[in-house]
Amino acid sequence: MRAFYLLGVLTIPLVIPVATSSHAGGISQTLPPGFIVTLPKSRTSAPIDGRLLLLISTDSTAEPRFQISDGSETQLVFGQDVNGLAPGGSVPVNSRAPGYPVHSLAEVRPGRYRVQAVLNRYETFHRSDGHTVKLPPDMGEGQQWNRKPGNFYSAPVWIRFGGRVRNRFILSLDSIIPPIPAPANTKYVKHERIQSKLLSAFWGRPVFLGAHVLIPEGFDTHPDARYPLVINQGHFPEDLEEFREAAPDSTLKPDSSTRFHLGGYNRITQQYAHQFYEDWTGRDFPRVLLISIQHPTPYYDDSYAVNSENNGPYGDAIMQELIPYLEKKYRGIGKGYARFMYGGSTGGWEAMAVQMFYPDEFNGAWIACPDPIDFHAFELVNLYEDSNAFAPTTPWLRVPRPAHRDYLGRINSTVESENRMELVLGTH
């Protein structure tokens, strides 16, 4: 019953059901589906390592790869490691693959589903600290596996399974996510990317840092002027989205923000972004260089802007390589008294940490709602004392620790469910 049957003729998009049946004493059983994911020879010439993800969804509004989250609206994902998958090879995915939020394919109810496969590719890093690690490199997208350039994926298709027929479906990784186009420069917004010598030496391969630079009004007409530097610390910024030179789009269809329970949020952000442009170019606005930094690592979309044993010397690389390069090119003053930082959440933590670790290089930091400074209450978990992260240790009642709530305080994820999602998405 565990045999996989491959058919000789494949079609694209490729989903081929192969059925077997099961009887137990004349009583029908509901059997979990099985999948075979193939990697066409035309897609690669070398074996591939990575995390193979099988996505299953009941929602047709978007591809299944864009429907996985740590909230109650998530669809299903099942994952397993792939080592040395050869061109033309295949990988079985069955009920042994861990899943989120259900734990196994055996728990998926019979019915009609939209399915898709994604292979998040890994690279082997030989680091200067002696560690060899296999991780997903950032490809300019900020560690987003569902849109990482170079990742393989299959076209989403509808299937139906259930009852006493054991269905086998074949998915072909016949598509590849293309590179992300570089953002265009404007009169005020410039985009920079440099290779870091410090980080490249640590990771054993080229590593890059990026920045979006907002230059002040009068930069071109006052070539001898030099400017203070302001750093907006925070997560991986795709661009300077808070700055919009064009007037707000009056034809934009209003959307709804689930996070803020607010209609027309897209219009509001355009309005304030354009107002910032008006203020920035206004007569009395301070003339400074404003930058936001891209510093993703193979572990996350953000290095936290400090040196660490896991990530390497990101703090020094930013301070000794990226900032001097930007200040030289864009006529910064280049002194600690003329540098300032601000940020919220992760950016708040970074602004505080960088001011602390490099006290002579900055003249202040505006810190808002920073991430935890220590780990006595990390998502309500005391990492120093608690014996179980998922629920407090009590004599009888097990109450799961919440991880996220909506604007009304309703819990929509727990610490356990968030950790389950991370485990399924990747063990590396």
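A salt bridge, for this talk, is a side-chain nitrogen of Lys or Arg within 4 Å of a carboxyl oxygen of Asp or Glu. Hold on to that one. What you see above is a predicted model.

Let me start with the overall picture. The protein has 428 residues, and 45% of them are buried. Five helices and 27 strands make up the secondary structure. The C-alpha trace spans about 85 × 60 × 55 Å along its principal axes.

Now the charge pairs. Side chains of opposite charge can pair when their charged atoms come close. By the rule I opened with, the count is 13 salt bridges. I will walk through some of them.

Take Arg51 and Asp81. Their side chains meet in a salt bridge, with N to O at 3.0 Å. This pair links distant parts of the chain. Arg51 sits in strand S5, residues 48-57, and Asp81 in strand S6, residues 76-85. They are 30 residues apart. How covered is each partner? Arg51 counts as buried because its relative accessibility is 3%, under the 20% cut-off. Asp81 is partly exposed, at 29%.

Next, Arg127 and Asp129. Here the closest N and O atoms are 2.7 Å apart, and the two form a salt bridge. Arg127 is buried, at 8% relative accessibility. Asp129 is partly exposed, at 35%.

Glu192 lies in strand S16, residues 189-195, and Lys329 lies in helix H3, residues 314-329, so the pair ties together parts that are 137 residues apart in sequence. Glu192 is buried, with a relative accessible area of 9%. Lys329 is partly exposed, at 44%. There is also a network: Glu327, Arg339 and Glu361 are joined by salt bridges that share partners.

Find Asp371 in the loop between S25 and S26. What does its side chain contact instead? The side chain of Thr346, in a polar contact of 2.9 Å.

Phe375 is partly exposed, with a relative accessible area of 36%. Phe375 belongs to a nonpolar patch on the surface, together with Phe378, Leu383 and Tyr384. The accessible area of the four together is about 410 Å².

The surface also carries a charged patch. Asp70, Glu73, Glu379 and Glu422 gather there, and the charge is negative. Glu422 lies in helix H5, residues 415-425. Is Glu422 buried or exposed? Glu422 is exposed, because its 54% relative accessibility is over the 50% cut-off.

Now the backbone. A few spots deserve a look on the screen.

Go to Tyr100 and Pro101. The peptide bond between them is cis, with omega near -5 degrees. Pro101 is in the loop between strand S8 (99-100) and strand S9 (111-121).

Which residues other than glycine have a positive phi? His261 is one, with phi near 55 degrees. His261 sits in the loop between strand S19 (256-257) and strand S20 (262-263). Ala305 is another, at about 60 degrees. Look for Ala305 in the loop between strand S21 (289-294) and strand S22 (307-308). Ala305 is buried, with a relative accessible area of 4%.

Last stop, Pro254. Pro254 is found in the loop between strand S18 (229-232) and S19. Pro254 is partly exposed, with a relative accessible area of 48%. Pro254 and Tyr265 are eleven residues apart along the chain, and their C-alpha atoms are separated by 7.0 Å.

Start with Arg51 and Asp81, the salt bridge at 3.0 Å.

How values were computed: Residues are numbered from 1 along each chain as its sequence is written. This is a predicted model: local features need pLDDT of at least 70, side-chain atom pairs count only at pLDDT 80 or more; totals for chains, interfaces and linings use all residues. Side-chain values use heavy atoms; hydrogens and water are left out. Patches are made of residues with over 30% relative accessible area and no salt bridge: like charges are joined within 9 Å, nonpolar side chains (Val, Leu, Ile, Met, Phe, Trp, Tyr) within 5 Å. Accessible areas come from the Shrake-Rupley method with a 1.4 Å probe; for residues, only the protein chains shown count as cover. Lys and Arg count as positive and Asp and Glu as negative; His and the chain ends are not counted. The place of a charge is taken as NZ of Lys, CZ of Arg, CG of Asp or CD of Glu. Helices (H or I, at least four residues) and strands (E, at least two) are DSSP runs, numbered from the N terminus. Buried means under 20% relative accessible area, exposed over 50%, partly exposed in between (1.4 Å probe, protein chains only). A polar contact is a pair of N or O atoms within 3.5 Å; within protein, one must be able to donate a hydrogen and the other to accept it, and residues adjacent in sequence count only if both atoms are side-chain atoms.
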